[in-house]
Amino acid sequence: MSYTHLTISERSKIETYFELGYSIRQIAEFLKRSPSTISRELRRHLNCSPEE
């Protein structure tokens with residue numbers, strides 16, 4: 001199974017989009033990533049409890 005890590009730029013975009021009120025699914029679509037990837041990133045690194 002192959003995967004790639006999120007880049008610093010992607011992490012910054014996730015944080016910005018989330019703060020602007022975009023949903024996890026919208027952010028995932030913008031970044032062409034899985035919604036679960038976005039959700040995990042928010043849980044692990046932003047100490048947020050996203051509702052999705």
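Analyst: In this predicted model, a nonpolar patch on the surface is formed by Leu-20, Tyr-22 and Phe-30, which together have about 310 Å² of accessible area. One of these residues, Leu-20, is found in the loop between α1 (8-19) and α2 (24-31). Leu-20 counts as exposed because its relative accessible area is 62%, and the cut-off for that word is over 50%.

The largest nonpolar core has 8 residues, namely Leu-6, Ile-14, Ile-24, Ile-27, Ala-28, Leu-31, Ile-38 and Leu-42. Helices α2 and α3 each supply at least two residues of this core, and α2 gives the most to it, with 4 residues. Leu-31, a member of this core, is in contact with Glu-10, Lys-13, Ile-14, Tyr-17 and Ile-38, once its neighbours within four places in sequence are left aside.

Glu-10, one of the residues that Leu-31 touches, leads on to the charged pairs, for the structure holds 2 salt bridges. In one of them, Glu-10 is paired with Arg-33, and the closest N and O atoms are 2.9 Å apart. This pair links distant parts of the chain, since Glu-10 is in helix α1 whereas Arg-33 is in the loop between α2 and α3, 23 residues apart. Both Glu-10 and Arg-33 are buried.

In the other salt bridge, the side chains of Glu-41 and Arg-11 meet at 2.9 Å, N to O. Here too distant parts of the chain are linked, with Glu-41 in helix α3 and Arg-11 in helix α1, 30 residues apart. The two partners can be described separately: Glu-41 counts as buried because its relative accessible area is 8%, while Arg-11, at 34% relative accessibility, counts as partly exposed.

Helix α3, which spans residues 35-45, also holds Thr-37. Thr-37 counts as buried because its relative accessible area is 18%, and the cut-off for that word is under 20%. Between Thr-37 and His-5 there are 32 residues of separation in sequence, and their C-alpha atoms are 9.8 Å apart in space.

Conventions: Residues numbered from 1 in each chain as written. Predicted model: local features only at pLDDT ≥ 70, side-chain atom pairs only at ≥ 80, totals over all residues. Heavy atoms only, no water. Patch = residues over 30% accessible without salt bridge, like charges linked within 9 Å, V, L, I, M, F, W, Y side chains within 5 Å. Areas by Shrake-Rupley, 256 points an atom, 1.4 Å probe, with all protein chains shown as cover. Salt bridge = Lys/Arg side-chain N within 4 Å of Asp/Glu carboxyl O. Buried < 20%, exposed > 50% of the residue type's maximum accessible area, 1.4 Å probe, protein only. Core = buried A, V, L, I, M, F, W, Y, C linked by side-chain atoms within 4.5 Å. Contact = heavy atoms within 4.5 Å.
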